[in-house]
Amino acid sequence: MSEISSVLKESRLFKPSTDFAKRAHFHNPSAYKKLRAQAEKRPDKFWADQAKHLYWQKPFKKALEWKFPFAKWFIGGKINAAENCLDVHLGSERQNKAAIIWEGEPGDARTLTYLQLSLEVNKLANGLKSLGVKKGDVVGVYMGMIPEAVISMLACARIGATHNVVFGGFSGEALRDRLNNSKAKVLLTQDGAFRRGSASALKGNVHSILDQIPTLEKAVVLKRTNQDTPMKDGRDIWWSDLVGKQSDSCKAEALDSEHPLFILYTSGSTGKPKGILHTTGGYLTQVKYTTHYTFDLRDEDIYFCTADIGWVTGHSYVTYGPLMNGATVFMYEGAPNYPGPDRFWSLIAKHKISIFYTAPTAIRAFMRSGDDLPRKHDLTSLRLLGSVGEPINPEAWMWYHDVIGGKHCPIVDTWWQTETGAIMVTPMPGVVPTKPGTATLPIPGILADVVDRNGKSCKANEGGLLVVKHPWPAMLRTVFGDKERYTKTYWADFKKNKFYFSGDGARKDKDGYIWIMGRVDDVVNVSGHRLGTAEVESAIVSNHKVAEAAVVARPDELKGSALVAFVTLKAGAKAGNPDLDALKTELKNWVAKEIGPIAKPDDIRFADALPKTRSGKIMRRLLREMVTTGKTSGDTSTLEDFSVLEKLRQDEE
Ligand code: WT7
């Protein structure tokens, strides 16, 4: 039985250029194949070998202990994350290398070498200790993209405190719930951050609600914007007052490999956010490995991952991965469209960025504003591009490849999740040919597969469910404080096989490449065919007038469900097409032609914007509710812009 019908057809293939492949960490395709095969047979041995690239205060005795569904990695080992990011580079040629090159939104800039970063981390670590923070305590971080955000994470890691970073754009209520759920003792925050040309308050916004967090003893406030900021006597303290008097040396705690490194909240499609718990040794091992090989990282690179530290991508691929590898990380404070929609391109040109890692939602937004903007800037320093967060539709992939990558940069489409902790499926850029729209192959040591409901591998091109068949080092260990939810959400669907279920629908093509078809919750059933919404959306977006599309289903007496497509048009397309009804018909026929009449939307609605989470994911659940019940309920705390929903609702009436 085919679980999901796959309708997307894409056959373009891009081989790694010989120039790129020659110098790549992985450059021999047959050696790579062999390594994958070996790692598949003995994944624990493979990961134990990778773990040896870390600095262990005490070596581990055994790679994996697996008591379904709870895994422990690198048993008996003692390790410290901050030490692996900083101290390992001191006393070497990297000591005075730039660890972070940072640019603020107004254009101010700072560079921190590995030595400077390490001294700052030590001072804050001592400061936290002086506030009574001990190994095992939880520290909240509510900051923007400034070096101190990274310093905060590493300072916690150094003393064995568990960090809980809450995205700086979240509301006070969202912060309160997350800090309460994790029982945070101290909060690290800042007065405000520069965003879209003005100073927006962080501390001031959440000041009064901090009283509703009974476990919170202290809030440490960094001055970034110097705006007026309320402070509560006895609880709130300025960063400079705390850190100024601290010693710049601080011992890195010897922590058990399974010591909790961080909790990060992720919203489920329904219900309250889950605190995803990650531990130390296994997480660091897979993050270090994937950063080195996926981005083919070298000492001379300037690496720019645009994710905010409030997301897992900011944890793994802004902070821990690049720093463990001794890379130079470029960090930018502000909005991508300030002062104009070409800020990223001007940053790339100015700082000679060589590796650029961003999300499809951003790429589609850039496409929407046209090719002229990137073409105005010299992007020739780029040598590799990455994508994460959603399926990248082939149209966006091609644009990224041609206009940003100048047709010569490999694109690594990386599939992973907050829960997986690190990259799982991606083309190793020197050896795996890419196809627009697929994250390609599981990396060595990751046993990912597409299976039917009984856990049986699907045939080529048969749609099914994406699972992981063997524990992996960076996997989540539990949902903080809720083992039952952990077991039920991730391990109940394939209990018999002991597989992890990702929640994603996918298919594997004849080359074994994995094509993500979207979240299974988003699968729609039309006349008995289960279609992945991502594929229908991809077909709509391949029309040159369309910028973005979200497809959901509403119940239909005849077909079971009918497809409703919410579409935003490219700049100019609306003005050029005054007859929107004609355009609707054109798009419906377009889909019928691209993938077949079965996927033809019954209804098309034009919108100025789609409801998205703060990390850029379209909230299809809200659209689905809107087209079925006319209302929206459930958790909307992660919605970026409420007015978008309001606007859609009005259009509805
Ligand atoms: C979900 C995880 C991993 C960091 C950012 C998102 C989707 C992620 C891809 C990709 C297709 C992707 C999946 C996944 N997703 N990367 N390269 N191709 N889909 O983390 O918020 O935990 O979301 O994002 O649906 O399950 P997250």
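**Charges, rings and strands**

Tutor: K483 lies over the face of F70, 5.7 Å from the ring centre. A charge sits over a ring if NZ of Lys or CZ of Arg is within 6 Å of the ring centre and within 35 degrees of the ring normal. K223 is placed over the face of W238 in this way, at 4.4 Å from the ring centre.

Student: What should I know about the model itself?

Tutor: It is a predicted model, where local features need pLDDT of at least 70 and side-chain atom pairs count only at pLDDT 80 or more, while totals for chains, interfaces and linings use all residues. Residues are numbered from 1 along each chain as its sequence is written, and side-chain values use heavy atoms, with hydrogens and water left out.

Student: How many aromatic pairs does the structure hold?

Tutor: Rings of Phe, Tyr and Trp (its six-membered ring) pair if their centres lie within 6.5 Å; planes under 30 degrees apart count as stacked, over 60 as edge-to-face and the rest as tilted. The structure holds 40 such aromatic pairs. The rings of W56 and F60 have centres 5.1 Å apart and planes at 65°, so this pair is edge-to-face.

Student: Are W56 and F60 buried or exposed?

Tutor: Buried means under 20% relative accessible area, exposed over 50%, and partly exposed in between (1.4 Å probe, protein chains only). W56 has 12% and is buried; F60, at 16%, is buried too.

Student: Which rings are linked into a cluster?

Tutor: Ring pairs link W66, F68, F70, W472, Y486, Y490, W491 and Y500. F70 is also the ring under K483.

Student: Why is strand β9 described as largely enclosed?

Tutor: Strands (E, at least two residues) are DSSP runs, numbered from the N terminus. In β9 (residues 186-190), five of the five residues are buried, so the rest of the structure largely encloses this strand. V186, L188 and Q190 are buried on one side, and L187 and T189 on the other.

Student: How do β29 and β30 run?

Tutor: β29 (residues 546-556) and β30 (residues 560-569) run antiparallel, joined by 10 bridges. A hairpin of three residues connects them, and V552 has V564 as its bridge partner.

Technical notes: Two strands pair if DSSP finds at least two bridges between them. Helices (H or I, at least four residues) and strands (E, at least two) are DSSP runs, numbered from the N terminus.
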